[in-house]
Amino acid sequence: QSLVAAPPAVPLPTDVGRLGVRRFTRPIDTGWRRTSYSGLVRAAEEARGATSEPEVGVLDDEADDLLATADAPRPGTDDPADGPADGPVVVASPMADLPSGAAFGSLVHAVLEDADPDAPDLAEELEARVREHAAWWPVEVAPAALAVALVPLHDTPLGPLAPGRTLRSIALADRLCELDFELPLGGGDLVSTGGAGAEAVLADVGRLLRTHLAPDDPVAPYADRLLAPGLGDQPLRGYLSGSIDVVLRLRTDGESEPRYVVVDYKTNRLGDPEQPLTTADYAPDRVTAAMLHSDYPLQALLYTAVLHRFLRWRQPGYDPDRHLGGLLYLYLRGMAGADTPLSDGHPAGVFSWRPPTALVLALSDLLDGRGPT
């Protein structure tokens, strides 16, 4: 005999009416998204109908740098119009004969992430890492040749933000490689009204640059780019994701606390593709022009805000004035070792920038949805 009572009979409706498909009438918020530096720039290009394919003969590690520098005379070379030009010493690029392209850039990034700069034989260490990662990023270059070409960049001075330092002098223990981040952006629950409480857009970042940067700051001209339609219209809502190549922990003589510097590796080939590649193609003014042309200042700003948030969480007694050391964008093909030419203390191939603390704090607040200040 069952102890479970039989279910009661439920009469079924006989008149169900007319069946139909349920309609979705709510608007889709396309401004709320998971994006990145590359995604923001790509969306702006698509909005204006541009493409991100490189011009013929001008390739780089991210396949989006359309530099037109072939017609400009290089320092230390002869300008047909003006006769011989006096300039800094020109050194051949150790990476002049190496291939270009996204796979090559990814291979170099992977090698620099894992290679131990303290190895007794750095070339041998680099070659081992090249062979290890070439299975994932196949490139038509001999591992030994690539390893030898990567040695000089480890001995190139890093400039005024890291005085007396080279990559070889910074141990793995003082490197945080591939710092992945997923940064929530404020305002995802707000509806843009065009008035108080409206969502933040990249144009707001441009206004911050105009407020906090001196006119002679190398990044100051980028404010106009951020305020232009297309890029400036990109909303900052949802999540911002990405990965910083490496954060270096530096401590120099007389400093009781470390400074942290964001480093981004670039294998971009600059200059005239028909001419031999030299350090003149990576002189400070040319590297600055490359930064502005490729929207890298936006990447630098976002990475600085990420490092600020990270150190605020992890560094005891965090003070951005003391602990934020700025950014180094290393154009590896222009770094020729100890003989790399200097211009006012800035080595070829090295772009140095330390944004004002007030700008970093205002940018962090903007990304957090607290409005431009």
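Contacts between residues 24 or more positions apart make up 74% of the contacts in this chain that have a separation of 6 or more. Please keep in mind as we go that this is a predicted model. The chain holds ten helices and ten strands, and 47% of its 373 residues count as buried. Its accessible surface comes to about 19000 Å², with 54% of that belonging to carbon and sulfur atoms.

Let us go inside. In soluble globular proteins, nonpolar side chains tend to be buried together. The largest nonpolar core here has 56 residues, and the members that touch the most others are L298, Y329, Y331 and W353. Helix α8, residues 296–314, gives the most to this core, contributing ten residues. Take L298 as a place to look around: setting aside residues up to four places away in sequence, L298 touches Y37, V41, L202, Y222, L226 and L231. Apart from this core lies another one, of 34 residues, with V111, L150, L248 and L332 among them.

V111 leads us to helix α2, where V111 is one of the buried residues. This helix runs over residues 102–114, and its 13 residues should span 18 Å at 1.5 Å a residue; the end C-alpha atoms are 19 Å apart, so the model agrees with the expectation. Which residues of α2 are buried? They are F104, G105, L107, V108, H109, A110, V111 and L112. The elements that cover them include the helices α3 and α4 (143–154), together with the strands β4, β5 (238–250) and β6 (259–266).

Side chains of opposite charge can pair when their charged atoms come close. The count for this chain comes to twelve salt bridges. One of them joins R129 to E125, with the closest N and O atoms 3.0 Å apart. Both residues sit in helix α3 (residues 122–133), four residues apart, or about one turn of the helix. An α-helix has 3.6 residues a turn, so residues three or four places apart point the same way. Are these two partners buried or exposed? R129 is buried, and E125 is buried as well.

R34 and E182 meet through their side chains in a salt bridge of 2.8 Å, N to O. This pair links distant parts of the chain, with R34 in strand β1 (residues 33–35) and E182 in strand β4 (residues 175–185), 148 residues apart. R34 counts as exposed because its relative accessibility is 60%, over the 50% cut-off. E182, with a relative accessible area of 39%, is partly exposed.

Strand β1 also contains T35. T35 counts as buried because its relative accessibility is 7%, under the 20% cut-off. Leaving aside neighbours within four places in sequence, T35 is in contact with L40, Y239, L240 and S241.

One further salt bridge is worth a visit: the side chains of D319 and R322 meet at 2.9 Å, N to O. D319 counts as partly exposed at 21% relative accessibility, and R322 is likewise partly exposed, at 38%. Elsewhere, salt bridges that share partners join E125, R129 and E132 into one network, which takes us back to the α3 pair of R129 and E125.

Terms used: Residues are numbered from 1 along each chain as its sequence is written. This is a predicted model: local features need pLDDT of at least 70, side-chain atom pairs count only at pLDDT 80 or more; totals for chains, interfaces and linings use all residues. Side-chain values use heavy atoms; hydrogens and water are left out. A nonpolar core is a set of buried Ala, Val, Leu, Ile, Met, Phe, Trp, Tyr and Cys residues joined through side-chain atoms within 4.5 Å. Buried means under 20% relative accessible area, exposed over 50%, partly exposed in between (1.4 Å probe, protein chains only). Helices (H or I, at least four residues) and strands (E, at least two) are DSSP runs, numbered from the N terminus. Contact means heavy atoms within 4.5 Å. A salt bridge is a side-chain nitrogen of Lys or Arg within 4 Å of a carboxyl oxygen of Asp or Glu. Accessible areas come from the Shrake-Rupley method with a 1.4 Å probe; for residues, only the protein chains shown count as cover. The expected span of a helix is 1.5 Å times one less than its number of residues.
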